[in-house]
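Here is a short tour of the model, meant to be read with the structure open beside you.

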Amino acid sequence: MYALVDCNNFFVSCERAFQPQLEGRPVVVLSNNDGCVVARSNESKALGVKMGVPYYQLRESSNGSRVEVRSSNYTLYGDLSRRVMGILREACPELQVYSIDEAFMVLDGMSLDQAKDLCRGLVRKIRRWTGIPVSIGIASSKTLAKIANHFAKKYSGYRGVCVIDTDQKRDKALELTPIDDVWGIGWRSAPKLQKMGVNTALDFVQRPSAWVHKHMGITGVRTWQELQGDDVIEGESHERRQTICTSRSFAETIPDLEELTLRVSDFAGICAHKLRKEHSLAYEVCTFIQTNPFRKDLPQYYPAATTRLEMPSSNTPQIVAAALRALESIYKEGYQYKRAGVIIANIIADDAVQGDIFDTESELREKADKVSVLMDKFNSSGSNMLRIATQRPGHYAEGIRREHCSRLFSTDWNELIEVH
Amino acid sequence: MEESHIQGIPVAQAGIHAGFPSPAQDYMDGIMDLNKELVRHPAATFYGRVVGDSMVNAGVDEGDVLVIDKSLEPQEGDMAVCFIDGEFALKFISFKDPGKGGSNAPKPGVSYNILGCKDLWLLSGNPKYKPIHITEGNDFTVWGIVTYVIKKIK
């Protein structure tokens, strides 16, 4: 049995957590560079504000003055995500974090009543502890849990938790679910299916499996099985490594930052390459440096620091920049460093990111990704022919527009809420 | 990627000793970690900065840092960060009418459901500010309970 926990209108809810005056009002959050709408409160949806609409269009529309606008504040969202996931992990150690605002709990060995009680308690607890409203869908497969979650969100009568536990409930839910809302049915397959008379999830499961196989291949059959309640999607995050580490002891010792910068850049580049090979993205890049513990006559120092990325990444320039930022924060003169390394953590599947409408950001990233792929090609011979010309941190932040950004309420001492 | 924040990881917790055992590890147990002492519920703990003089008689001054625990149920006498009429305010929670003395005083340490409780007063630590009787007309929530006040004196 699975429970899919999904934060309601997550970015908007994060803004509201520290700005309660936004409760009950139409709110939108803009993409990086204030380009377009990437999150909407229910009130904004009711006003007809569409996902992805460019900000200048919204501003000039009749609703423009009524809607509260915020620039995206990924540091804030990342911190609240970490808290929500922490509470979930404490309640259910087998947690598969799917994206910044979604996670599957594996509830094996629990009765349905226990699962319901647990989830109802979690909805209340997460709301109270973090200010974030969540919805939970419970079912025997992940795809059905997604659908249950959708109902939990849509109808307030469920008070945040919807269970699909009988055949009647399942068929009713499938009947009410348009085929293009089904997890695993891509935007390309949906119109094709609709043309063949498959408009709802129920239409889909009523086709024979041979038909599904013929038109949709093996992944289609998997979705078809999942919709019947069979658990066939492997636990993604199980297969994924929890961390990737690249570290070396040096033949000589290294006292200076310049040389360490080069070494750490290489380690970070290798980690990024491994990430891409596994089709993964990471949120955290940790750099550590160590002196030689056997040289008791020399001063000892073993620092480590972690940079948290605002958006998960696998591209070499971003991973390298993050590793170097961590390095700069821990490096001290006066020590003979013998060993260094980079650890990538908080790893997710690269198809779990919802940031596909992050206009300029994704353009930037696409370019960077192309560079990374080229680097992989050149470097596959084993010698690191292509390297990143190491940049100063903050390079990426220049020129990004964020006119409506809220504060770093929970991560910066200088930007706390003010209490009168 | 921009403005990513850097947090130090204590060496003994970082789990990075693929090669050398760290000689520093032996000493980590003895470190008094302020986070552990000041933060009972990490997922629910946030910080706030005091502005103004509403709590001067309670020893809380402008610029102090508040440790705020959102997981706690408000109890009689708690210092709380309240959101009232569009602003965060630092107040003592009381379930008894300050004008009437202590006749209907609740027992200390007993928790009250703030939403179910009709009579609620917000008291400040400065005679300049009158008690506020919360009625349904107020836009009001208890945002979190203050568990520590951090004061910089040098």
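Buried here means under 20% relative accessible area, exposed means over 50%, and partly exposed lies in between (1.4 Å probe, protein chains only). Helices (H or I, at least four residues) and strands (E, at least two) are DSSP runs numbered from the N terminus.

A word on the source: this is a predicted model, in which local features need pLDDT of at least 70, side-chain atom pairs count only at pLDDT 80 or more, and totals for chains, interfaces and linings use all residues. Residues are numbered from 1 along each chain as its sequence is written, chains are lettered from A and ligands numbered from 1 in the order in which they are written, and side-chain values use heavy atoms, leaving out hydrogens and water.

Next come two strand pairs; strands pair if DSSP finds at least two bridges between them.

| Strands | Sense | Bridges |
|---|---|---|
| S2(A), residues 27-30, and S3(A), residues 37-40 | antiparallel | 3 bridges |
| S4(B), residues 79-84, and S8(B), residues 140-150 | antiparallel | 5 bridges |

In the chain A pair, Val29(A) stands opposite Ala39(A). S2(A) and S3(A) form a hairpin with 6 residues between them, and Asn33(A) in the turn has a positive phi of about 70°. In the chain B pair, Phe83(B) stands opposite Thr141(B).

Both chains contribute to an open sheet of 8 strands with mixed pairing, in the order S13(A)-S2(B)-S3(B)-S8(B)-S4(B)-S5(B)-S6(B)-S7(B). S13 (417-419) of chain A and S7 (132-134) of chain B stand at the edges, each with a single partner strand, so one side of each has no neighbour in the sheet.

Chain B has 2 helices and 8 strands, following the pattern β-α-α-β-β-β-β-β-β-β along its sequence. Of its 154 residues, 38% are buried.

How many disulfides are there over all chains? The count comes to 0, taking a disulfide as a pair of cysteine sulfur atoms within 2.5 Å. Cys162(A) is in no disulfide, and the nearest cysteine sulfur, that of Cys119(A), is 11 Å away. Cys162(A) counts as buried at 4% relative accessibility, and Cys82(B) is buried with a relative accessible area of 0%.
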